[in-house]
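Subject: Structure handover

Hello,

Here is the structure that I said I would pass on. My notes on what was found in it follow below.

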Amino acid sequence: MTSLLANDTSLLNITGWLQQLKQQGQISALDFHFAKSFASSEQADVLMVAAALVSNELQAGHVCIDMPSLAKRCEQLGACPLAGALEPEFWQVQLGSSAAVMQAELSRDAKPLVMQYGRLYLYRYWNYEQQIADYFGEHSLTRDYPLAQIQQQVEQLFSPNWQMLLQAKAAYSAQQMALYAQQYLDVNDANLLNNAEFLSKLAGIAQVSELQSLVAKIANASKINWQKLAALQACYQPRLVISGGPGTGKTTTVTRLLALLQDLQLSAGKAALNIQLVAPTGKAAARLSESIIGAKQQLNASEQTIATIPEQASTIHRLLGVIPGRAEFRHHADNPLALDLLVVDEASMIDMPLMVKLLAAMPKQARIILLGDKDQLASVEAGAVLGDLCAFIEQGYSQTLLDNLQASSGFNLSAWQAKQPLPIADKLCLLRKSYRFDAHSGIGLLAAAVNQGQVKQTMALLESRREDLPYQTLNQDSYKDLLEQSAKAYQPYLEALRQALPMEQVFAKFHQFQLLVALRNGDLGVTGLNQRIEKRLNQQGFITLPKHADSVWYAGRPVMIEQNDHEQQLYNGDIGICAQDESGQLMVAFESANGLRWLLPSRLPAHQSVYAMTVHKSQGSEFKQVCMLLPPATQALVNRELLYTAITRAKSTFSLYADAESISAACRNKTQRRSGLVERLAVGE
Ligand SMILES: Nc1ncnc2c1ncn2[C@@H]1O[C@H](COP(=O)(O)OP(=O)(O)OP(=O)(O)O)[C@@H](O)[C@H]1O
C-alpha cells in the first residue's frame with residue numbers, strides 16, 4: 001500500500017517539518033539523519049516520521065513506541081504534514097504493510113524497523129530485547145546437588161544469631177520479645193510465640209542451647225525466610241534475579257548463597273566455582289567489595305569455603321574488556337568470559353545494550369545472579385531491564401521449583417504456586433524485610449510510603465518532625481537554609497584537609513553527607529547549587545577560590561567524573577578531591593582498590609564540582625546524611641523512582657526541601673518505560 005501523500009511535495013513537507021523539529025531541539029540530529037535514510041523508500045513520508053520518532057524515544061529511555069504514542073507525539077509536536085498521523089490505526093495500517101518494516105510475528109528477515117505486538121522498534125533494540133527474553137525465558141532448572149546436603153548446609157549458613165536473640169530477651173518485656181522473635185525468626189503465625197506457654201518457657205532460658213531447642217519446636221512449615229529461599233533457589237536456578245529494597249540483605253544473602261554453592265561443590269569433591277563480582281560503576285563496585293568483606297566476617301562457614309568467595313569487585317566494562325575507540329568489548333559470545341558464576345550488583349542501573357553484551361559474554365553453563373532494587377530509577381540509557389524482569393516477581397513458582405524449595409527449606413509455599421508458571425518467574429526472588437531500618441525508622445517508613453504512592457502517609461511522616469526526617473517547604477528562606485546546612489555539612493572534610501589528615505579520612509568525611517537534586521542546571525540544579533555552596537564555603541574561609549576567573553581549581557574542590565576515560569582508569573561517577581602535594585602543586589586524589597591515585601587536574605576527562613549531585617549519579621552510593629532538593633511539580637523529572645532512590649541513599653538522616661505539591665506529584669508519577677520485554681516474557685517467547 002502506498003501512502004496517501006507519497007509524492008515529492010509531501011516528502012519535501014515532511015523533510016521540512018523534521019528539519020524544523022531538529023532546529024527547535026525536539027528531535028536530535030541523529031533522529032533526523034536516521035529518518036532521512038528512508039527518503040528513497042516506498043512510503044518514505046510515513047517511514048521518515050516513524051523513524052524519527054522511534055529513534056527520538058530512545059533518548060527518553062523507551063526501547064520502542066506504540067501506535068497510540070506515535071499518534072500522540074505527532075499531535076504534541078504539532079503541524080505534522082502527514083494526513084491521518086493523529087490516528088493510531090493509520091500507523092498500524094501503514095507500518096503494518098511497509099516493506100521496510102519487519103513484522104516479527106510473521107517473519108525474522110531483518111529490516112531497519114520492526115513491529116511486534118503493536119510496537120515499533122529500531123531493529124537493533126528489538127534484537128536486544130529478543131536476546132534478553134531468550135536468556136531469561138529459557139527453562140533452566142537444574143538439580144546439581146543432593147537434597148540432604150543442601151538442607152544441612154543451608155540450615156547452618158542461615159542459622160539465627162542466637163546471642164543477639166538472648167541479648168534482646170534481656171532488654172525486652174515478654175510480649176515485646178515474642179513480637180521480636182516472631183519477626184526475627186520469620187514466623188508467620190503470631191500466636192505460636194505470643195502464648196502463655198511459650199512466653200513462660202522463654203522467660204526461664206539463660207543459655208543459647210536452651211533457646212535453640214525451644215525455637216527448634218517451631219516447625220519450618222510456619223515460617224518463610226526469603227533470604228534462605230533466594231539461596232536455595234540458586235541451587236536449582238542458574239539464572240537468578242534477587243531484588244530488594246535498602247537493607248533487605250541482598251549482599252548478606254548473596255554471600256551466604258555463594259558459601260552454600262561453594263560448600264556443595266567442595267563436598268562433592270569438585271573444584272570451587274570461579275566467582276566474579278561486578279557492578280555498573282566504580283563506586284558501586286567498591287561498595288560491593290566492602291559489603292562482601294563485611295558479610296564474609298559474619299559467615300557461619302568453614303575457612304576453606306570462606307576463602308573461595310572473592311572480595312574484589314570490578315566494573316562491568318572492565319570485566320568485559322574495553323577496546324579503546326570501539327563499541328564492542330573483548331569478551332562476547334565467541335570469546336566468553338572465563339568464570340563459573342557472576343554476581344552483578346546494582347542491576348537496575350544497567351541499560352539494555354550493556355545487559356545484552358554482558359549476557360552474551362556469559363559462558364553457556366555459567367551461573368548469573370543479578371542483585372538490585374526494582375523500584376529504583378531505571379538506567380540513564382534506554383530500557384528498564386531489571387524492572388521489566390521483576391514484573392513477574394509476585395507471580396509464584398512452577399511446581400518443579402516449588403517442590404524443590406519446599407523439600408529443601410521445609411517452608412509451606414503452597415500460596416506461591418503459580419497459576420500460569422513462567423520460566424522468568426522461577427528466576428526471581430524478592431527480599432521483603434529490611435534489617436537495616438527498624439519499625440520506628442522514619443527513612444524506612446518514608447521509602448515504603450513513597451514506593452507505594454501513598455501521598456497522605458508520606459506527608460504525615462514528613463510533617464511528624466522525626467529526627468531522621470527533617471523537612472522544609474521549599475521557598476526563598478528555606479533555600480538559604482539549605483545552602484547554609486549543606487556548607488556546614490561539608491566543613492568537616494575541609495577541616496580534615498586543612499589539618500593535613502590522611503586523604504582516606506578526608507574522603508570518609510566527605511562521603512558522610514550528600515546534597516541530591518533532580519536537575520543539572522539553574523538555581524535548583526547541580527550547577528547553581530555548586531556555585532552557591534562554593535561561595536558560602538569561601539566566605540567562611542574553608543576554601544579559597546582561585547583569583548583568576550579562568551581557573552576553577554582550589555584545595556578542597558570535590559569533583560565527579562562525567563565520562564569514562566579508560567586510559568586514566570577514571571569512570572563516570574568517580575569522585576576526586578583536589579589537594580596540594582608536598583611541592584604545593586594542586587593535584588586531584590581518587591580512591592581506588594589499590595589505594596589513592598593522584599592526577600593532574602588537566603588530565604581529567606569531563607567533570608564537575610560535586611557539592612550537589614543528581615539523584616541519577618547517586619545510584620550505587622550511600623551516605624550517612626542525605627539532603628534533597630525536589631524541584632516544583634512542573635518538572636517532568638519529578639517522579640516516584642527519583643524520590644525513592646534519593647531516600648534510600650540515606651543511612652541515618654534524610655532531609656527534604658520540597659513543596660507539598662511536588663512531593664504529591666512524585667508519589668503519584670510512576671515512570672513507565674515503554675518496552676515489549678514484559679509481554680515477550682509473558683508469552684514465553
Ligand atoms: N538475616 C539477617 N539477620 C540479621 N541481620 C541481617 C540479615 N540480613 C542482613 N542483615 C543486616 O542488615 C544490614 C543490611 O544488609 P545488606 O548490606 O546485606 O543489605 P543490602 O540489601 O545489600 O543493602 P543495600 O541497601 O546497601 O543494598 C547489614 O547490617 C546486615 O548485617
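How many helices and strands does the chain have? It has 28 helices and 20 strands. Helices (H or I, at least four residues) and strands (E, at least two) are DSSP runs, numbered from the N terminus.

Before you read on, note that this is a predicted model: local features need pLDDT of at least 70, side-chain atom pairs count only at pLDDT 80 or more, and totals for chains, interfaces and linings use all residues. Residues are numbered from 1 along each chain as its sequence is written, and side-chain values use heavy atoms, with hydrogens and water left out.

The whole chain

For 685 residues, a compact globule would have a radius of gyration near 26 Å, and the 27 Å of the chain agrees with that. This radius is taken over C-alpha atoms, and the globule rule is 2.2 Å times the number of residues to the power 0.38. Along the principal axes, the C-alpha atoms fill a box of roughly 90 × 65 × 50 Å. Of the 685 residues, 54% count as buried (under 20% relative accessible area, with a 1.4 Å probe and protein chains only).

The ligand

The ligand is surrounded by 14 residues, each with a heavy atom within 4 Å of it. The closest are Gln227, Lys250, Thr251, Thr252 and Arg287. Helix α13 (residues 250-267) gives the most to this shell, with four residues. By class, the shell has two nonpolar, seven polar and five charged residues. Here Ala, Val, Leu, Ile, Met, Phe, Trp, Tyr, Cys and Pro count as nonpolar, Asp, Glu, Lys and Arg as charged, and the others, Gly among them, as polar.

Backbone N or O atoms also lie by oxygen atoms of the ligand: the distance is 2.9 Å for Gly247, 3.4 Å for Thr248 and 3.0 Å for Gly249. Taken alone, the ligand exposes 630 Å², and the protein buries 74% of that. Accessible areas come from the Shrake-Rupley method with a 1.4 Å probe; for residues, only the protein chains shown count as cover.

Gln43 is found in the loop between α2 (29-36) and α3 (44-59). Is Gln43 buried or exposed? Gln43 is buried, because its relative accessible area is 3%. The side chains of Gln43 and Gln94 are joined by a polar contact of 3.1 Å. A polar contact is a pair of N or O atoms within 3.5 Å; within protein, one must be able to donate a hydrogen and the other to accept it, and residues adjacent in sequence count only if both atoms are side-chain atoms.

Regards

Conventions. Buried means under 20% relative accessible area, exposed over 50%, partly exposed in between (1.4 Å probe, protein chains only).
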